[in-house]
Amino acid sequence: MKQPRQHKISRLRNTCGALAAVIALSGCAVFGPTPTPRGSLIEADDYNQLIPGASTRADALDLLGSPTTKGAFDDNTWIYISMSTYLIPMDFPGIGKQQVVVLKFDDAGNLQSLRTLNKKDSRSVAMINSITPTPGTKINILQQILGNVGRYNPMQNMMGAGSAGAGGMGMNNQGPGHFGSGNSL
């Protein structure tokens, strides 16, 4: 009689062990999120067809499409940016693969140079925790007290002085939407 009970206990232990293994492996990269492509996804076969000195802007548009961005001070510089990101729990997304293709054209629209950059060419930029002060946002207690002097006028809402209608021509527009004077009976 003890044998079937021991068999059930060992089967329960095996099931719990398998369940624990599945939970432990769920955090592994095998079950991780899939990479998300972003930007202008262009292949090397496409931009390798562009020949400096022979290709034009029209050729670049046909092969690669519209650029991701253009140069800040030069419309003759076209930039195609693509990357593959993946989620990192409680952090910014990680960058798995990154590619930047920079095309420079002359004023006539002919391709002068083609340059490719990848993740190795990138530079890490650190965030700064400083706050840029805005003039007028910091006031002390004395400024708060003196700033409210003269703002309260109990006569403002009497006799229709707070209404927006008719420019003081005897019209008394009361009700919602007329500077909060409200409805009076």
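Accessible areas come from the Shrake-Rupley method with a 1.4 Å probe, and for residues only the protein chains shown count as cover. The structure is a predicted model, in which local features need pLDDT of at least 70 and side-chain atom pairs count only at pLDDT 80 or more, while totals for chains, interfaces and linings use all residues. Residues are numbered from 1 along each chain as its sequence is written, and side-chain values use heavy atoms, with hydrogens and water left out.

Q: What makes up the accessible surface of the protein chain?
A: The surface comes to about 15,300 Å², and 58% of it belongs to carbon and sulfur atoms.

Q: Why is the pair of W78 and F105 called edge-to-face?
A: Rings of Phe, Tyr and Trp (its six-membered ring) pair if their centres lie within 6.5 Å, and planes under 30 degrees apart count as stacked, over 60 as edge-to-face and the rest as tilted. A search of the whole structure finds 1 aromatic pair. The ring centres of W78 and F105 are 4.9 Å apart and their planes stand at 65°, so the pair is edge-to-face.

Q: What makes this a link between distant parts of the chain?
A: Helices (H or I, at least four residues) and strands (E, at least two) are DSSP runs, numbered from the N terminus. W78 belongs to strand β3 (residues 77–86) and F105 to strand β4 (residues 94–105), and the two residues are 27 residues apart.

Q: Why is N76 called buried?
A: Buried means under 20% relative accessible area, exposed over 50% and partly exposed in between (1.4 Å probe, protein chains only). N76 has a relative accessible area of 13%, and therefore counts as buried. W78 and F105 are buried too.

Q: How do you know that the side chains of N76 and D107 make a polar contact?
A: A polar contact is a pair of N or O atoms within 3.5 Å; within protein, one must be able to donate a hydrogen and the other to accept it, and residues adjacent in sequence count only if both atoms are side-chain atoms. The contact between the side chains of N76 and D107 is at 2.9 Å.
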